[in-house]
Structure formats: C-alpha cells, structure tokens
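Here is a short report for a reader new to this structure. Please look over the sequence and the model first.

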Amino acid sequence: VIKAALLLSYVINCCIIYLQGRIHPSQEFWNRRIASDLCSRQAFIYSSCDKVTDATKVEELIEKRRARGVDITVAKFDRSQHVMHLRHYPNEYEDMIENILERIIAMSGQHID
C-alpha cells in the first residue's frame, strides 16, 4: 500500500511538472552537469550495474563534456554497485587515482621524492 501511494505521488508530481512546463529535477541535474564550467579536467568512476546512477546517463555526460573540451579520465566497471568500486576493483581503482595524482603533480611542476 505504501509503495503504491509513493508511486502515485511520484506520477502526480511528474504530471504537474510536465503541465507547468518545468524540467524534471533529475533532468535538471544532468543538464547542470553538462553545462558546468567548474573544471577543465574530470574523472568518472562508475559501473554498468549501478542501481543508483544510470551508466547510460554517465556515458552521455562524458560524451557531452568531452565535446565541450573537458579532459576526461574514465574507469568503468562491470560488477560493482554504487560507491563499491574500490572494494571490488582495488588495483584498477588505485591505479586510476595514482595516475590522476601524478598528472596533477606534473602539471604543477612539483616533484615528489
């Protein structure tokens, strides 16, 4: 009964948003990510089986950000759920983070001994 009531509430809310000509909050979220000028270099770590974040939307975002000239680093995993990538792919995850840090250090002109 509670799930049905929540679903009905969600559908009604979506209808109201549509009738008012507004953009759905989830679409607004993705539109803002695409248009952001926050950083010219970004890293995306995600999974094709994530139940929280749609991998297709992440891939669309990556494509659109690259088209805007953003330098993108990507790690896509196949079997890890949301924010569980380090646990399931520790070597690959750590390698990516290490590579990103090395690039940051190289761009700053500093050296690590």
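## Fold

How many helices and strands are there in the protein chain? The protein chain has five helices and two strands. Helices (H or I, at least four residues) and strands (E, at least two) are DSSP runs, numbered from the N terminus. Starting at the N terminus, the order is α-α-β-α-β-α-α.

The radius of gyration is 19 Å, well over the 13 Å that the globule rule gives for 113 residues, so the protein chain is more spread out than a compact globule. This radius is taken over C-alpha atoms, and the rule is 2.2 Å times the number of residues to the power 0.38. The C-alpha trace spans about 60 × 30 × 20 Å along its principal axes.

## Basis of the model

This is a predicted model: local features need pLDDT of at least 70, side-chain atom pairs count only at pLDDT 80 or more, and totals for chains, interfaces and linings use all residues. Residues are numbered from 1 along each chain as its sequence is written, and side-chain values use heavy atoms, leaving out hydrogens and water.

## Burial

Of the 113 residues in the protein chain, 21% are buried (under 20% relative accessible area, 1.4 Å probe, protein chains only).

## An aromatic pair

The count comes to one aromatic pair (ring centres of Phe, Tyr or Trp, its six-membered ring, within 6.5 Å; planes under 30 degrees apart count as stacked). The rings of Phe 77 and Tyr 89 have centres 4.4 Å apart and planes at 15 degrees, so the pair is stacked.

Phe 77 lies in strand E2 (residues 71–77) and Tyr 89 in the loop between helix H4 (85–88) and helix H5 (90–108), so the pair ties together parts twelve residues apart in sequence. Both Phe 77 and Tyr 89 are buried.

Terms used. Buried means under 20% relative accessible area, exposed over 50%, partly exposed in between (1.4 Å probe, protein chains only). Rings of Phe, Tyr and Trp (its six-membered ring) pair if their centres lie within 6.5 Å; planes under 30 degrees apart count as stacked, over 60 as edge-to-face and the rest as tilted.
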